[in-house]
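Subject: Structure for your review

Dear colleague,

I am handing over the structure below, and my notes on the contacts, cores and ring pairs follow it. Please read them with the coordinates open.

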Amino acid sequence: MKKPHILCCTLAVIIGIAFMPMATFAAQQFSSITKPAKTNSHTTKSMQVNLTKIKKTVTKDDSTVLIIEDNKKAKKDVVIKKMPVYSHSSIKRYEDHSAITAKGTPNYRISNILAKARQDGTLEVDGRKVVAMGQSYGQVGDKFNITLETNGKKHVLRVILGDTKKNCDTAKGAGYHCADGHIVEGIVNAKMLPPSARLHGDLNSVPGWEGNVIKIEKIK
């Protein structure tokens, strides 16, 4: 007859063998829980791209609106008409936006409501400088690209008409001032203009406005 302790050891071995598959399965499940899940690199990258497009969130009336950045390149300006250049003068006079007082007009809306003042006192609407030009060029709201040149270097001043000059204030309505030949008149916050511009009454000393007018194009 076998001894009791030998029977116990044999029985323990048999029980251990029987439960080994269950223990292995439990260990595998626990391991899968504790290990970080594998991520698809493509999915992760696409999530990061989408997140970079979210500019900010605005909460209103208990609802959250995501404002998405448009990463597309800005569309190129479409030229619909080349305008005559009556004068190549570099002078660019200005008028204060407060002089436009007729509420309800497009002039007032652009110059006093939509326009935002930059640090140099000039006004902008959607990245275009607010200006006044002769009526022969167009009407309030029209957009133009004005090419300026200084010592052979050219740059474009992108503008929108916030006001039009009376024909009596231009050379027979031709679009330039008969006294000094200026074509473009900036609409500004005069109090914010640089001292040099206020001293001479001319925006030609303001960066971005300098140069002689050599080309004017009407933009769609």
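Since this is a predicted model, everything below is computed from its atoms. I begin with Phe 144, which, leaving aside its neighbours within four places in sequence, is in contact with Met 83, Arg 128, Met 133, Tyr 137, Leu 157, Arg 158, Val 159, Leu 161, Ile 216, Glu 217, Lys 218 and Ile 219. Apart from the largest nonpolar core, to which Phe 144 belongs, lies another core of eleven residues, among them Tyr 108, Leu 123, Val 125 and Val 140.

The largest nonpolar core itself has 21 residues, and those with the most contacts inside it are Met 133, Phe 144, Ile 146 and Ile 216. Two or more residues of this core come from each of strand 7, strand 8, strand 9 (153-165) and strand 11 (212-219). As general background, nonpolar side chains in soluble globular proteins tend to be buried together.

Turning to the rings, a search of the whole structure finds two aromatic pairs. In one of them, the centres of the Tyr 86 and Tyr 137 rings are 5.9 Å apart and their planes stand at 70°, and because an angle over 60 degrees counts as edge-to-face, the pair is assigned to that class. Tyr 86 sits in the loop between strand 3 (79-83) and strand 4 (93-96), while Tyr 137 sits in the loop between strand 7 (128-134) and strand 8 (143-150), so the pair ties together parts that are 51 residues apart in sequence. Tyr 86 is partly exposed, at a relative accessible area of 38%, whereas Tyr 137, at 2% relative accessibility, counts as buried.

The other pair joins Tyr 137 to Phe 144, with ring centres 6.4 Å apart and planes at 85°, so that this pair, too, is edge-to-face. Both Tyr 137 and Phe 144 are buried, and the ring pairs link Tyr 86, Tyr 137 and Phe 144 into a cluster.

Finally, what is the relative accessible area of Lys 143, and is the residue buried or partly exposed? Lys 143, which is found in strand 8, has a relative accessible area of 34% and is therefore partly exposed. Leaving aside neighbours within four places in sequence, Lys 143 is in contact with Arg 128, Val 159, Ile 160, Glu 217, Lys 218 and Ile 219. The C-alpha atoms of Lys 143 and Gly 162, 19 residues apart along the chain, are separated by 9.7 Å.

With best regards

Terms used. Residues numbered from 1 in each chain as written. Predicted model: local features only at pLDDT ≥ 70, side-chain atom pairs only at ≥ 80, totals over all residues. Heavy atoms only, no water. Phe/Tyr/Trp six-rings, centres within 6.5 Å; stacked < 30°, edge-to-face > 60°. Helix = DSSP H or I, 4+ residues; strand = E, 2+ residues; numbered from the N terminus. Buried < 20%, exposed > 50% of the residue type's maximum accessible area, 1.4 Å probe, protein only. Contact = heavy atoms within 4.5 Å. Core = buried A, V, L, I, M, F, W, Y, C linked by side-chain atoms within 4.5 Å.
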